[in-house]
Amino acid sequence: MGRHEWNPAARRWRLTALLGVGLTVLALVITLVNTLPGDRDSTAGTTPDGDKVHGTPVVPPGAVEPQVGWGFTHTQYSADEGGDKAVERVRAELADQGGPVPQIQHIMGWGAGNPEPVKGRYDFSAMDRRMDFVRASEGTPVVTLCCAPDWMKGGEPGADNTDWSQQSLETAPERAHYKDFAKLAATVAKRYPDVRHFVVWNEFKGFWNDEQGRWDYEGYTELYNLVYKELKKVDEDIMVGGPYLVMNSVDPRQTEGVAAEPKGPWGRMDQRILDAFEHWNKNKAGADFVVVDGSSYTADDELLPDEFRATAKFTDVGKWLRERTGDLPLWWAEYYVEPGDSQDNRDDWSEAHRVAVQASGLMAMVRGGATSGFYWNPQKRGKKCAGCLWTSTELPDGAGGEALPMLGLIGRFGKEFGPGTTYEKVSVAADDRPHVCVLADEEAVLVVNTLDRRISAKVDGRRLDMTGYEVKWLER
């Protein structure tokens, strides 16, 4: 799209006024006009060839599998920026996890800029940097196709006009622009041919129907189907999944607006969410995997019956989903086990406590049939960062980028229990069963002490002394 639509009369006036002015001055005038702040159609920093392949991607050989394993999502701050030593430290840690670590990046927000500020004009500079980091860390890149440029949702076009408020970012594209969003998705797929897995949208953001008091699952499914078809045109082997619904639950005693199943001591499911899932599942153009997210606690931030046993929700919901999708691979795009405060911070627990409950949650997802899950990395720039995967790469003197306990859990879990794992039963002494969580295959056993005190437990025929909330790996 052109940035300046001068009419003929105006053009003649400008040309007359500029007669006798040197070419240098003319170039300066044009430059100033083209970069005026607030220019409605400003294309500064954009390019028309958004589908040009970025960098030197390595496309994995052979068939593409619909499951990728256990990894994390890059958020606003990550390790693609910061001190060189710190960035390299994180890159090396990720590359040394025993296999590719799956890493999600959104196309807009969460560290990425506006990918198409004006229709047909692209700016992937921030996303390019993130993708470069994923590649350098030898990870498996995954892209979440969210969110949408302003002009697709009623906002102003232009490189300087992006509204980064949460309300704007979480607005869905207007129906008239669903096809434009699908074309943007195809552009992303062409630019990063090593991305073989795409998730369509995020948590039904902007798809709430106020008038009917329910999710606009018809609108989401229409958008999903258009994106699915466009991606398959780029490469039929690309893996596409949805619907990325938040599987909210409420107190088990609640009866209004809840579903009959699934349910448990952890709570009961909001029927409106299951209605949305059922519509998508029945009317989708296709899917290579199913994506949801959710928390073990209720919508009112209650951990029932306690933080460890509440994770059974992931198992029960996972089984319900698998029964209805023909055993399509199940992904948890986000999973939470620790309620956040009013600012969505989760820093009340000790790190040992946090890692132990997270491990329990991962086990529960596996028992529900999940093959892939992504930890939402709450990375920050300061010294304190509860639940982060590494210390901030922005710390002075290259002191950041040190691996934290949560990275150790995610990396080891992905290495030991990747896609295709055959799980085995583990013997646990009767008196110890209430106090430990276990998961095992033929090579490794993961054991979690769910108590905030030292215990001695007999697991897999061995006597273990464990400190409070300790997470222990055993070789078999």
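Let's begin with a definition: a residue is called buried under 20% relative accessible area, exposed over 50%, and partly exposed in between (1.4 Å probe, protein chains only). This is a predicted model, in which local features need pLDDT of at least 70 and side-chain atom pairs count only at pLDDT 80 or more, while totals for chains, interfaces and linings use all residues. Residues are numbered from 1 along each chain as its sequence is written, and side-chain values use heavy atoms, with hydrogens and water left out.

**Exercise 1.** Find Asp301 and Asp397, and decide for each: buried, partly exposed or exposed?

*Solution.*
- Step 1: Asp301 sits in the loop between E11 and H9. Helices (H or I, at least four residues) and strands (E, at least two) are DSSP runs, numbered from the N terminus.
- Step 2: the relative accessibility of Asp301 is 40%, so Asp301 counts as partly exposed.
- Step 3: Asp397 belongs to the loop between strand E13 (370–376) and H11. With a relative accessible area of 80%, Asp397 is exposed.
- Step 4: now look at the backbone. Most residues other than glycine have a negative phi. Asp301, although not a glycine, has a positive phi of about 65 degrees, and Asp397, also not a glycine, has a positive phi of about 60 degrees.

**Exercise 2.** Look for cis peptide bonds: which residue does a cis bond join to Pro305?

*Solution.*
- Step 1: keep in mind that most peptide bonds are trans.
- Step 2: Leu304 and Pro305 are joined by a cis bond with omega about -5 degrees. Pro305 is in the loop between strand E11 (289–295) and helix H9 (312–324).
- Step 3: another cis bond leads from Cys146 to Cys147, with omega near 10 degrees. Look for Cys147 in the loop between strand E3 (140–145) and helix H5 (166–169).

**Exercise 3.** Trace the barrel: how many strands close into it, and in what order?

*Solution.*
- Step 1: two strands pair if DSSP finds at least two bridges between them.
- Step 2: the barrel is closed by 8 strands with parallel pairing, in the order E1-E2-E3-E4-E7-E11-E12-E13. On average, its neighbouring strands are turned by 25 degrees against each other, direction ignored.
- Step 3: take one pair. Strand E2 (residues 102–106) and E3 run parallel and are joined by 5 bridges; Ile104 stands opposite Val142 in E3.

**Exercise 4.** Describe the open sheet: which strands stand at its edges?

*Solution.*
- Step 1: this sheet has 3 strands, paired antiparallel in the order E14-E15-E18.
- Step 2: strand E14 (436–440) and strand E18 (471–475) are at the edges; each has a single partner strand, so one side of each is left without a neighbour in the sheet.
- Step 3: E14 and strand E15 (residues 444–449) run antiparallel, joined by 5 bridges. Leu439 has Leu446 in E15 as its bridge partner.

**Exercise 5.** Explore the nonpolar cores: which residues have the most contacts inside the largest one?

*Solution.*
- Step 1: a nonpolar core is a set of buried Ala, Val, Leu, Ile, Met, Phe, Trp, Tyr and Cys residues joined through side-chain atoms within 4.5 Å.
- Step 2: the largest core has 112 residues, and Phe181, Trp201, Met247 and Trp332 have the most contacts inside it. Helix H10 gives the most to this core, with 9 residues.
- Step 3: a second, separate core of 14 residues includes Val445, Val447, Leu464 and Leu474.

Conventions. Axes fitted to C-alpha atoms, helices over the stretch in contact; angles between N-to-C directions.
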